[in-house]
Amino acid sequence: MLEFLNDLLWGKVLIGVLITLGLWFTIASRFVQFRFFGQMFKILSGKQLFRHEQQGHLSSFQALLLSVAGRVGGGNIAGVAVAITLGGPGAIFWMWVIGLMGMATSYFECTLAQTFKNAEPDGTYRGGPAYYIRRGLGKKWQWLAALYSVLLLVTFGFGFTAMQSYSVATSFEDAFGIPTYYTGIALALIVGLIIFGGVKRIAKVSEVLVPVMALGYLGITLVVLGLNIERIPDVIVLIVKSAFGLNPAIGGGIGAAILMGVKRGLFSNEAGLGSAPNVAAVAYVPHPANQGIVQAFSVFIDTLILCSCTAFIILLSGIYDPATIASQGGVALTQSALADHVGEWGRMFVSIALLLFGFSTILYNYYLGENSLNFFSEENQNLFNAFRVMIICLCCWGAIMDLGTVFAFADITMGFLALANLLALALLFKTGLRVMRDYEQQRKEGIETPVFDASKFSDLNIDPAVWDQQPAQQDATDLSAANNTVKATS
């Protein structure tokens, strides 16, 4: 039954839905991910990126790093290797395509998460698909919001947490000979110390951890590219040809390439799943589109940069052979490939990278689970503490168990999670376009820092406590007024 549902969801339904909606979002928004690409860097270098309110909101930058911490996980190392093993090099091309379209999807889901976020009693924010379904679509869709929250808890809070623990523990056993239960216990202790500090402590850890792991992995890839610079064009040609079935002996042909590219692309960058909006909604920004633009960039970092790093490490190595590649899968393939480039210490580097990637993802998964519980019972500390204890236990249990069935079940729940969120995005797309056009109109008027005026959207069920009282809005308004005064005087 699990195999049948998995094949139905990932082999037929989701491929069509993802590509159709990705193209729709891209074309209808006039290629927002490309038009705003330069704006991504402007926002990333601006002071507003690091602004946060004294009551404990996250800055836009912290939310970006936390979402990157979640997107960048085992899928970037093991998942890419599996995609190449089962789908051939062409799977990487389709992963890129899904990544580029996913930037538009992520922009809209994160913009909507900001628009419909809730102000909590302690002054912080909560948001995500469950919230924009409830507020944006109304009471008749409450069932979908509740279903999404349950699926989010089961998939990320439980299933993916155990999977990440398993991947980290088995990798360390292969590279260093450390028994899996030792790794599981150590992982559980460290995770426990962090998650009991809530999202603010998770964000602070991510601020240090994410740049180190991402830049470190990018750095070793640049070394590999430098050592094989003359072969890079050949690998790119191989990827493109395989994507269209022009190398039938490699992988499983065009069908397998598309299937694995789409599946692993979504699994890695999570665009369309609705996971990142849960974090994006917490950020303190003057306009929802700001965080939409920033989160679109996180998809680019994950899929177009870090997934490509693993792909080039494998395809440029001497151990890559389509005839024998199936004997090595996942992490082992990436480890062997890097060891071929830089020596045996490359195996240890991959294991350490997987530890950092997996660890950051567990923290991210915990927050998603907490946010789904908060939808049903706001700021219930007893419930949160019980969930934290369960996460600690999952880190231990996941490290030592054979999780084949858990993996298959999590794939299925992730598929239903994506369908629920994509349905909501399709229904709320016009609202997302409206918010985007408000941002663009202010930019055309010369306003450097567009501000979200909730009174212009009085027909929407927006929480007035979020935008009317937000000091960042007042700061941006004052700045815009000053700019306009200077222009009028000139």
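The model on screen is predicted, so local features need pLDDT of at least 70, side-chain atom pairs count only at pLDDT 80 or more, and totals for chains, interfaces and linings use all residues. Residues are numbered from 1 along each chain as its sequence is written, and side-chain values use heavy atoms, with hydrogens and water left out.

**Stop 1: the whole chain**

Select the protein chain. There are 20 helices and 2 strands in the chain; helices (H or I, at least four residues) and strands (E, at least two) are DSSP runs, numbered from the N terminus. Of its 490 residues, 59% are buried. Buried means under 20% relative accessible area, exposed means over 50%, and partly exposed lies in between (1.4 Å probe, protein chains only). Now consider contacts, meaning heavy atoms within 4.5 Å. Among those between residues at least 6 apart in sequence, 82% join residues at least 24 apart.

**Stop 2: helix α1**

Select residues 2-28, which form helix α1. These 27 residues reach 36 Å from first C-alpha to last, close to the 39 Å expected at 1.5 Å a residue. The expected span is 1.5 Å times one less than the number of residues. Where does α1 bend? Go to Leu14, where the angle is about 45°.

Next, colour the buried residues of α1, among them Asn6, Leu9, Trp10, Leu14, Leu18, Leu21 and Phe25. An α-helix has 3.6 residues a turn, so residues three or four places apart point the same way. Then step just past the end of α1 to Arg30, which takes a positive phi of about 60°.

**Stop 3: Thr124**

Select Thr124, in the loop between β1 (118-119) and β2 (125-126). Is Thr124 buried or exposed? Thr124 counts as buried because its relative accessible area is 13%.

**Stop 4: Asp340**

Move to helix α15 (residues 331-342) and select Asp340. Asp340 is partly exposed because its relative accessibility is 40%. Which residues does Asp340 contact, leaving aside neighbours within four places in sequence? They are Ser317, Gly318 and Ile319. Show the side chain of Asp340, which reaches the backbone nitrogen of Gly318 at 2.7 Å. Finally, select Ile313, which lies 27 residues from Asp340 in sequence and 9.4 Å away in space, C-alpha to C-alpha.

Key. Bend = angle between axes of the 7 residues up to and from the residue. Polar contact = N/O pair within 3.5 Å; in protein donor to acceptor, adjacent residues only side chain to side chain.
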